[in-house]
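Hi,

Here is the structure I promised to pass on.

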Amino acid sequence: LSGLDPAQPYFQGTPIEVRLDKSDAEFVDIIHTDSAPTIPYLGFGMSPAIGHLDFYPNGGKQMPGCEKNAVSQIVDLDGIWEGTRDFVACNHLRSYKYYSDSIIYPDGFLGYSCASYDVFETGSCFPCPQGGCPNMGHFADKFKGKTKYDFQKFYLNTGEEKDFPLWRYKVTVTLSGKSKVRGYVNIALYGSGGNTRQHQIIKGALRPDNTYTSFIDAEVNIGAVTKVKFLWNNNLINPTLPKLGAATITVQSGEN
């Protein structure tokens with residue numbers, strides 16, 4: 001039984017006989033997309049974990065792409081009717097859009113068990129434990145019976161628009177060069193399953209021999225890494241023509 005952003009008004013905090021609960025089926029998975037308080041944020045979905053697996057994409061309150069202004073939201077790629085509905089309840093309706101995308105991408109929407117979304121953002125819940133991570137949506141039931149605790153919460157990020165799934169990678173870069181410069185470093189990943197756009201790894205002081213770590217939520221499952229593109233820019237005309245390179249780049253997949 002899959003709960004797509006179960007309703008908060010009149011249901012949150014009520015006895016389990018009244019609302020959706022993990023006792024309602026052998027396996028209950030929940031996607032929370034609009035769990036901010038109804039007052040004053042007009043959150044339509046409930047925030048407590050109520051299933052065997054509870055997924056909180058993007059933290060479960062504000063979904064990427066839902067902060068568009070009224071005109072761009074209503075004149076949406078999906079058409080005026082779809083855009084009008086989304087403007088009224090965009091976060092709430094993201095739950096079924098994630099679910100439908102999960103049917104197309106069985107390896108997508110990997111959820112990481114974590115204490116909170118803030119902790120997830122620090123990267124301390126990465127990679128998946130030995131038992132693996134569940135996939136939010138249609139294939140969540142492949143994780144049936146694998147949870148150690150009741151009401152376990154899982155976190156992940158999604159894209160702003162269809163297609164929504166993202167694949168998380170940890171990228172660690174050790175710089176090489178002769179002198180410290182300021183600027184930014186971008187990384188693009190190439191693999192057997194596809195290539196990513198450029199993602200910014202570092203911005204600010206760039207020191208040779210220092211190691212920097214960042215997380216990439218990539219729009220494609222790259223599969224086996226075949227190449228990594230390293231680009232840096234200091235945004236300034238520098239007569240000393242500083243050079244900067246990468247001594248090592250390590251890419252870690254969250255899944256395995």
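Predicted model: local features only at pLDDT ≥ 70, side-chain atom pairs only at ≥ 80, totals over all residues.

Residues are numbered from 1 along each chain as its sequence is written, and side-chain values use heavy atoms, with hydrogens and water left out.

The sheet: it's an open one of five strands, in the order E1-E2-E3-E5-E4, with mixed pairing. E1 and strand E4 (112–113) sit at the edges, each pairing on one side only. (Helices, H or I with at least four residues, and strands, E with at least two, are DSSP runs numbered from the N terminus; two strands pair if DSSP finds at least two bridges between them.) In general, strands of a sheet pair through backbone hydrogen bonds, either parallel or antiparallel. E2 and strand E3 (residues 53–57) go for parallel, over three bridges. Isoleucine 30 has aspartate 54 in E3 as its bridge partner.

Leucine 20: look for it in the loop between strand E1 (2–4) and strand E2 (29–31). Not counting residues up to four places away in sequence, leucine 20 touches Leu1, Gly3, Pro6, Ile30 and Ile50; contact means heavy atoms within 4.5 Å. Its C-alpha atom is 8.1 Å from that of glycine 51, 31 residues apart along the chain.

Asparagine 91: this one is in helix H3 (residues 80–104). Asparagine 91 counts as buried because its relative accessibility is 13%, and buried means under 20% relative accessible area (1.4 Å probe, protein chains only). Leaving aside neighbours within four places in sequence, the contacts of asparagine 91 include Lys61, Met63 and Cys66.

Cheers

Conventions:
Buried < 20%, exposed > 50% of the residue type's maximum accessible area, 1.4 Å probe, protein only.
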